Amino acid sequence: GIGCVPSRGLRRGVVINLEQTTEDIERSLQQAEEIAGCNVQAAWVGMAGEHVKSINSRGAIPISKMRGEPTGEVALNDVERVVEAARAIALPMDRRILHVLPQEYVVDSERGIRAPVGMAGVRLEANVHIVTCAVSSAQNILTCCKRAGLNIIDIILEPLASAESVLTEDEKELGVVLLDFGGGTTDVAVFQNNVIRHSAVIGYGGDYITRDIAVGLRTPVESAEHIKIDHGAAHQRAIGQNEFLEIPGVGGREPREMSRSMLVSIIAPRVEEILTMARDELMRSRTMEFIGAGVVITGGGASMPGMTEIAEEIFAMPVRIGAPQDEAPGEEMALGPKYATAVGLIRCAHKRMQAGEFHDGRKRSFRMNSPVRIKEWFQGIF
Ligand SMILES: Nc1ncnc2c1ncn2[C@@H]1O[C@H](COP(=O)(O)OP(=O)(O)OP(=O)(O)O)[C@@H](O)[C@H]1O
Ligand SMILES: [Mg+2]
């Protein structure tokens, strides 16, 4: 089942109003439950927001060996120990590790190893990607879910989830940037050699554009949102010449007519600004060089005509729009780009339950209705 309602209690990916967010979760849940014909008790939750930060880290350990042998053989236990060593980073009290994602292992001087178990050597190194978040922001989202009657099974970084539903294996191998152009945030994730290289969250998205239209056209935010979705475009090349639209009047005033090109001249600079921030992020993190396959844009903002054109100009590489594949609940319902994260969460959940892995990479067994591990994660904050 699917439920989709406007979210009123979030700003730039973080909760600013607990009551409204709880209500919105309840309403979308109700819709989804009606379609699915079942009761939802527990959830996997996506997280974004500017408080999310990521770094690459490295750990090394001596490979355990049998007495008398000159070299050892990497055991599963060594892999767990080396990842544990790599996750040892200094963190302020108010932050927690959300994910530890192994990138590659090094056995002695052999680099680029993905499955080191069984290999002979003396020293094992792991390169990992660590995602951290602010405890308070995570806690507020969890509080809203709990108030809406949901147990939290686990939390997953939103761009990781979106990547799961829209990127192809080839793209992830060759090097690709995923841009999830959402309402409050635009999430960035870079993959190459089938592992994540970089992730970041930019605190601007479609809502920022809507607000600008509201101010520019002197119209309420709600009507600006409709105008954007019905007539908006991210590039002048995506619209025809001499197209006009009607702006509803405010406070009893007559409706006005305006050219669509004028609307685009409000939207395009904002889209350009957000995409440029994403490009700067890639430059800063030196991940531009990893990208062989180009850019995939998803999220609600990806539905805007002209998005591919403007992104190709800014990134100077091939761009495509990504939407979840083959997962429509009914044949009549094609899932657009805005469902990328939700569908991706389902896929991530499935994978992780099969692997028995908790969000921070530590192995534990899952039980559907027990939020015990999340509690542990917050160390008694609940
Ligand atoms: N057809 C469309 N044309 C233009 N913009 C659209 C269209 N459909 C949705 N949007 C915009 O996409 C945004 C919502 O996208 P999405 O549903 O992916 O966000 P979200 O996942 O809820 O937010 P976030 O990722 O920031 O938490 C809104 O700003 C909305 O106006
Ligand atoms: Mg999103």
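This is a predicted model: local features need pLDDT of at least 70, side-chain atom pairs count only at pLDDT 80 or more; totals for chains, interfaces and linings use all residues.
**View 1. Length and ends of helix α1.** Helix α1 covers residues 18–36, 19 residues in total. From its first C-alpha to its last it reaches 27 Å, close to the 27 Å expected at 1.5 Å a residue. At the start of α1, the backbone nitrogen of glutamate 19 has a side-chain oxygen of asparagine 17 within 3.1 Å. Glycine 37 follows α1, and its phi is positive, near 70°.

**View 2. The buried and exposed residues of α1.** The buried residues of α1 are Thr21, Thr22, Asp24, Ile25, Ser28, Leu29, Ala32 and Glu33. Down the axis of α1 these buried residues fall within an arc of 165°, so they line one face of the helix. An α-helix has 3.6 residues a turn, so residues three or four places apart point the same way. Turned away from the buried side of α1 is a face that carries the exposed residues Glu19 and Glu34.

**View 3. Packing partners of α1.**

**View 4. Glutamate 104 in strand β6.** Glutamate 104 belongs to strand β6, which spans residues 95–107. Glutamate 104 counts as buried because its relative accessibility is 14%, and buried means under 20%.

**View 5. Contacts of glutamate 104.** The side chains of glutamate 104 and arginine 111 are joined by a polar contact of 3.2 Å. A polar atom of the glutamate 104 side chain also lies 2.9 Å from the backbone nitrogen of glycine 112. Leaving aside residues up to four places away in sequence, glutamate 104 touches Arg111, Gly112, Ile113, Glu125, Ala126 and Asn127.

How values were computed: Residues are numbered from 1 along each chain as its sequence is written. Chains are lettered from A and ligands numbered from 1 in the order in which they are written. Side-chain values use heavy atoms; hydrogens and water are left out. Helices (H or I, at least four residues) and strands (E, at least two) are DSSP runs, numbered from the N terminus. The expected span of a helix is 1.5 Å times one less than its number of residues. Buried means under 20% relative accessible area, exposed over 50%, partly exposed in between (1.4 Å probe, protein chains only). The arc is that of the directions from the helix axis to the C-beta atoms. Contact means heavy atoms within 4.5 Å. A polar contact is a pair of N or O atoms within 3.5 Å; within protein, one must be able to donate a hydrogen and the other to accept it, and residues adjacent in sequence count only if both atoms are side-chain atoms.
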